[in-house]
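Biologist: Can you walk me through this one? Start with what you mean by a pocket.
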Amino acid sequence: MARSGVLTKIMRTTCAEGRIIMAVDRERIERVLELIRPSLQADGGDLELVDVGDDGVVTVHLTGACNGCPLSQLTLANGVRRVLKERVPSVTDVRAV
């Protein structure tokens, strides 16, 4: 997908209930992940953005110490998911692969 200074997707769609849904902005998500990264890196971990679905589901890959860590789901839920959903309202969920 080509990158530019504008939104990756500038679309509005209407769901079955008639509500207007803004498409998820991948570049905005990447900027928010850059804010989260230092906390993960301080403990030897990191994450990579894998996918952003049209349904607002963000898929990430936890790397380094986060990969396989027993607390990684807690980090994902209380850290990554919470911050992304606060700062990017179109994000509906965050999942790790």
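Modeller: A pocket is an open set of grid points with protein on both sides within 12 Å along at least five of seven lines. Keep in mind that this is a predicted model.

Biologist: How much space lies in the largest pocket?
Modeller: About 200 Å³.

Biologist: Which residues are closest to its centre?
Modeller: S39, L40, D43, C66 and T75. They belong to a lining of 13 residues.

Biologist: And which elements give two or more residues to that lining?
Modeller: Those are α1, residues 26-42, and α2, residues 72-87. The largest share comes from α2, with five residues.

Biologist: How do the lining residues divide into nonpolar, polar and charged?
Modeller: Eight are nonpolar. Four are polar, and one is charged.

Biologist: Let's zoom out. How many helices and strands are in the protein chain?
Modeller: Two helices and five strands.

Biologist: What's the order from the N terminus on?
Modeller: The protein chain runs β-β-α-β-β-α-β.

Biologist: New topic. What percentage of the residues count as buried?
Modeller: The protein chain has 97 residues, and 34% of them count as buried. Buried here means under 20% relative accessible area.

Biologist: Last one. What share of the contacts with a separation of 6 or more joins residues 24 or more positions apart?
Modeller: In the protein chain, that share is 43%.

Conventions:
Residues numbered from 1 in each chain as written. Predicted model: local features only at pLDDT ≥ 70, side-chain atom pairs only at ≥ 80, totals over all residues. Heavy atoms only, no water. Helix = DSSP H or I, 4+ residues; strand = E, 2+ residues; numbered from the N terminus. Buried < 20%, exposed > 50% of the residue type's maximum accessible area, 1.4 Å probe, protein only. Contact = heavy atoms within 4.5 Å. 1 Å grid on protein atoms, 1.4 Å probe; cavity = no way out; pocket = protein on both sides within 12 Å on 5 of 7 lines; lining within 4 Å. Points joined across faces, edges and corners; volume = space filled by probe spheres on them. Nonpolar A, V, L, I, M, F, W, Y, C, P; charged D, E, K, R; others polar.
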